[in-house]
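Please look first at the sequence and the structure shown here, and keep both in view while reading. The paragraphs that follow go from the whole chain to some of its parts.

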Amino acid sequence: MNDTVEQRYNNYVKNNLITHDKKQVELLKTINRVWQQSKKIYFFSKIKKYQGIYVHGSVGIGKTFILNLFIQHIKGGKKYHFNHFMINLHAFIHNNNKKKDSVLESYIKGIAKKYNVIFIDELHIFNIVDALLIKKIFILFQKYKIFILISSNFIPNGLYKDGLQRNDFLPFIEFIEKNFKVLHLKKIQDYRRIMLNQSKTY
């Protein structure tokens, strides 16, 4: 694992900003390993190269913190909250007179010129517009070789549960399961709740 990333995590622990969590450390190591493998060329190897990493788990266990920590030490990295990303994308499409698919590709290509790794925080699908658009977005991420980090409260198969026309959304789930390293950060403690209780004490 990149020493600067590990050291920064340890510094948070030493300064009592976080509690050492072995599952968080294991996640950080796995993220780094998958990222390093994605940059190498294997001619005669069974090692699978992933397009990105999908981290899921319950609220308050450190998904965003760990992925933030990692991407801050990657050159050409950028974090987007999923809601903000989609709002900006829809606005770009709305304000452009070209065909929708052409505009979408132009938007993703613009991101690829600036960043080679992006972190999409709190991925969730609640409306049919995003459900029908999301796979096109990720195929373009793949085309322009953008490595994707994702955090979500949902397992891939739990996204857009009972949504309208969900059958049309299922190919996206298959895409994630095939092309991404799916990792479950299991709950040890709810750190958000601990911090909230401490703030109430003061």
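**From the whole chain to its parts**

Read along the sequence, the protein chain follows the pattern α-α-β-α-β-α-α-β-α-β-α-β-α, with eight helices and five strands; helices (H or I, at least four residues) and strands (E, at least two) are DSSP runs, numbered from the N terminus. This is a predicted model, in which local features need pLDDT of at least 70 and side-chain atom pairs count only at pLDDT 80 or more, while totals for chains, interfaces and linings use all residues. Residues are numbered from 1 along each chain as its sequence is written, and side-chain values use heavy atoms, with hydrogens and water left out.

Of the 202 residues in the protein chain, 41% are buried, where buried means under 20% relative accessible area, exposed over 50%, and partly exposed in between (1.4 Å probe, protein chains only). Among contacts between residues at least 6 apart in sequence, 79% join residues at least 24 apart, a contact being heavy atoms within 4.5 Å.

Strand 1, residues 52-56, is mostly covered, with five of its five residues buried. G52, Y54 and H56 point one way from this strand, whereas I53 and V55 point the other way. Strand 1 runs parallel to strand 4 (residues 147-152), to which five bridges join it, and also parallel to strand 5 (residues 180-184), again through five bridges; two strands pair if DSSP finds at least two bridges between them. Within these pairings, Y54 has I150 of strand 4 as its bridge partner, and H56 stands opposite H184 in strand 5.

Helix 5 (residues 100-114) has 15 residues and reaches 22 Å from its first C-alpha to its last, close to the 21 Å expected at 1.5 Å a residue, the expected span being 1.5 Å times one less than the number of residues. Its buried residues include V103, L104, Y107, I108 and I111. Seen down the axis of helix 5, the buried residues fall within an arc of 130°, so they line one face of the helix; the arc is that of the directions from the helix axis to the C-beta atoms. What covers them includes strand 2 (77-81), helix 4 (82-94), strand 3 (117-121) and helix 6 (128-143).

Helix 6 also holds D130, which is buried, with a relative accessible area of 8%. Leaving aside its neighbours within four places in sequence, D130 is in contact with F82, M86, H90 and I125. D130 and M86 are 44 residues apart in sequence and 7.8 Å apart in space, C-alpha to C-alpha.
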